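Colleague: I am new to this structure and would like to know what stands behind the words used for it. Please show it first.

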Amino acid sequence: MVEIKVLGFEEFASAVKATGAVNRWPRIVDGQEVVSYSVYLNASVASKLPQHHQEHEFKDIMLHALTEKLWLNPESIRDNLKVAELVAIRGAWMEEILDASAIRNKLGEVVALPDGIIKDYEALTGGLSHPWIQKQIAEQQSLSLGLRPAIAQAENVVGKPINDVIPDEISLGKILAQNESFTVQETHAGEIVTHENRRLVNLPNVGEEVLVSYYRGQGQVTERRKDLKISAPYFDSKTGDLAVNLVGLNGQVKETLLFNSITSIAKFQEAEGLSKEFVAMAMDVRAANPKITDIPKREKIQYSGVYVDPDSGLLAIDYKQNNVLFTAMYGSADAIEKYRDELGLSQHEIDMAHDHEHAARERQDQQGLESLSNAIAFIDREDMKTTSTNLVKGVYVGKVIAETEHHIVQNVGQRTALIHNKRDMDKIPKVGEKLTVRYENYRANVDIPERGQSLNVER
């Protein structure tokens with residue numbers, strides 16, 4: 001066998017510089033906001049990948065089960081976006097390794113993969129348990145520590161409560177507040193949005209009037225000056241996307257803005273108050289320079305029956321495409337039923353999926369009851385009392401004195417202990433740590449000052 005050189009997973013993940021973007025769809029009547037996620041793999045390493053590996057799309061609802069499994073908040077658009085980025089990186093790398101493993105030399109010998117690559121691949125076949133991914137999840141959990149302070153600063157400026165709103169592709173308006181992790185902006189459309197600083201190309205100053213336009217998940221930040229004129233949209237040959245120039249009074253190009261799609265151009269036109277002819281010109285440019293894709297023609301795919309994946313506990317279906325075996329996972333039997341025609345599942349197999357889901361819930365309920373009983377038994381042994389937890393607006397301060405499989409026991413003083421369910425918490429504390437737990441609509445934000453201090457020291 002001959003060994004070939006391929007990037008290890010961590011090296012690949014760092015090199016492709018994945019960036020994600022949130023697509024906010026218009027509300028219909030009083031329905032909830034619907035979002036989807038676009039993930040882009042960038043840099044020179046990514047440019048060597050097939051195009052369908054460079055750009056990925058994820059539906060919001062399909063990420064929720066996995067986000068919760070990773071101890072992140074499935075109701076947080078930011079957390080779901082991070083999970084989408086991790087899934088895209090994992091999928092692209094694993095398919096590259098599958099392709100590499102099929103290579104043969106001129107003598108027809110199978111090419112050997114390095115031991116480190118095989119170790120990475122085995123870790124990733126079990127889901128998202130690779131150390132690099134776990135580090136990313138921990139960093140995402142820590143990121144939430146800076147969100148509330150940034151919003152509080154903006155609330156002091158506008159004099160009213162503010163919700164955390166994810167920015168649209170185009171945001172034009174004044175910067176209200178900023179800290180190490182977040183920048184808060186009030187747009188001309190009347191929204192107050194919160195940008196993650198790590199997703200901005202450069203940081204604006206507080207008080208500045210700026211345009212933030214997201215291209216391939218990165219926020220292009222431009223100070224809006226009246227002396228800058230906007231050029232007609234044109235085709236950028238380097239990226240294959242649409243672009244405009246911001247031109248000074250002397251005719252020199254001060255900045256170039258790139259756009260993901262005609263939709264982005266339309267949002268830019270509306271924010272800047274340009275005529276609708278601007279969008280029509282962009283459509284003509286796009287029509288003259290269509291985007292070339294290399295998405296392979298899909299062959300007939302062979303699907304297996306529904307089963308429970310032993311590692312994740314999710315419902316799963318195996319399928320084979322191009323003689324490669326893949327596994328699709330679903331958070332519920334209802335999600336599988338939506339795709340019954342595409343998957344070619346019979347009513348019997350749908351019924352089996354519901355049976356699997358029911359059995360899994362019963363097992364989880366049993367495990368939860370045992371965990372809760374153990375927590376209560378600990379409180380009894382310590383001769384302490386317990387009280388109910390306000391899951392809507394409760395705030396609790398104290399040290400963790402015990403941990404069971406699914407629960408945390410917190411001493412809140414006066415020989416009183418509270419029991420928290422781990423699945424409600426945005427991060428899991430350790431026994432001995434002092435923390436503040438803030439509930440808001442059944443989700444618990446956990447603040448651990450000792451961890452925050454250690455993070456600041458490292459910086």
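Modeller: Helices (H or I, at least four residues) and strands (E, at least two) are DSSP runs, numbered from the N terminus. Lys17 lies in the loop between α1 and β2 (19-25). This is a predicted model, in which local features need pLDDT of at least 70 and side-chain atom pairs count only at pLDDT 80 or more, while totals for chains, interfaces and linings use all residues. Residues are numbered from 1 along each chain as its sequence is written, and side-chain values use heavy atoms, with hydrogens and water left out.

Colleague: How many helices and strands does the chain have?

Modeller: The chain has 14 helices and 23 strands.

Colleague: Why is Lys17 called exposed?

Modeller: Buried means under 20% relative accessible area, exposed means over 50%, and partly exposed is in between (1.4 Å probe, protein chains only). The relative accessible area of Lys17 is 52%, so Lys17 counts as exposed.

Colleague: What makes the phi of Lys17 worth a remark?

Modeller: Most residues other than glycine have a negative phi. Lys17 is not a glycine, yet its phi is positive, about 50 degrees. Trp71 is another residue other than glycine with a positive phi, near 65 degrees.

Colleague: Where is Trp71, and why is Trp71 called partly exposed?

Modeller: Trp71 sits in the loop between α4 (60-69) and α5. Its relative accessible area is 36%, so Trp71 is partly exposed.

Colleague: Which residues is Lys17 in contact with, leaving aside its neighbours within four places in sequence?

Modeller: Contact means heavy atoms within 4.5 Å. With those neighbours left aside, Lys17 is in contact with Tyr40, Asn42 and Ala43.

Colleague: What makes α1 oblique to α5?

Modeller: Two packed helices are described by the angle between their axes and the distance between the axes. Axes are lines fitted to C-alpha atoms, for helices over the stretch in contact, and angles run from 0 to 180 degrees between N-to-C directions. Helix α1 (residues 9-16) packs on α5 at about 120 degrees, with the axes 10 Å apart. Angles under 35 degrees count as roughly parallel, over 145 as roughly antiparallel, 65 to 115 as roughly perpendicular and the rest as oblique. The angle therefore makes α1 oblique to α5.

Colleague: Which residues make that contact?

Modeller: Phe9, Phe12, Ala13 and Val16 come from α1, and Ile89, Arg90, Ala92 and Trp93 from α5. Ala, Val, Leu, Ile, Met, Phe, Trp, Tyr, Cys and Pro count as nonpolar, Asp, Glu, Lys and Arg as charged, and the others, Gly among them, as polar.

Colleague: Why is α5 called roughly antiparallel to α7?

Modeller: The axes of α5 (residues 77-101) and α7 (residues 131-143) cross at roughly 165 degrees and come within 11 Å. That angle is why α5 is roughly antiparallel to α7, the cut-off being over 145 degrees.

Colleague: Which residues of α5 and α7 meet?

Modeller: Arg78, Asp79, Lys82, Leu86 and Ile89 in α5 meet Trp132, Ile133, Gln136, Ile137 and Gln140 in α7. The residues of this contact are 5 nonpolar, 2 polar and 3 charged.

Colleague: Arg78 is a charged residue by that definition. Is Arg78 buried or exposed, and how do you know?

Modeller: Arg78, which lies in helix α5, has a relative accessibility of 6% and so counts as buried. Not counting residues up to four places away in sequence, Arg78 touches Gln140, Leu147, Asp164, Val165, Ile166, Phe182, Thr194 and Glu196.

Colleague: Why is Asp164 called partly exposed?

Modeller: Asp164 has 35% relative accessibility, so it counts as partly exposed. Asp164 is in the loop between α8 (147-158) and β6 (170-178). Its contacts, leaving aside neighbours within four places in sequence, are Arg78, Leu147, Ile151 and Thr194. The C-alpha atoms of Asp164 and Ser76 are separated by 9.6 Å, although the two are 88 residues apart along the chain.

Colleague: What makes Thr416 buried?

Modeller: Thr416, in strand β21 (residues 416-421), has a relative accessible area of 9% and is therefore buried. Across the chain, 44% of the 459 residues count as buried.
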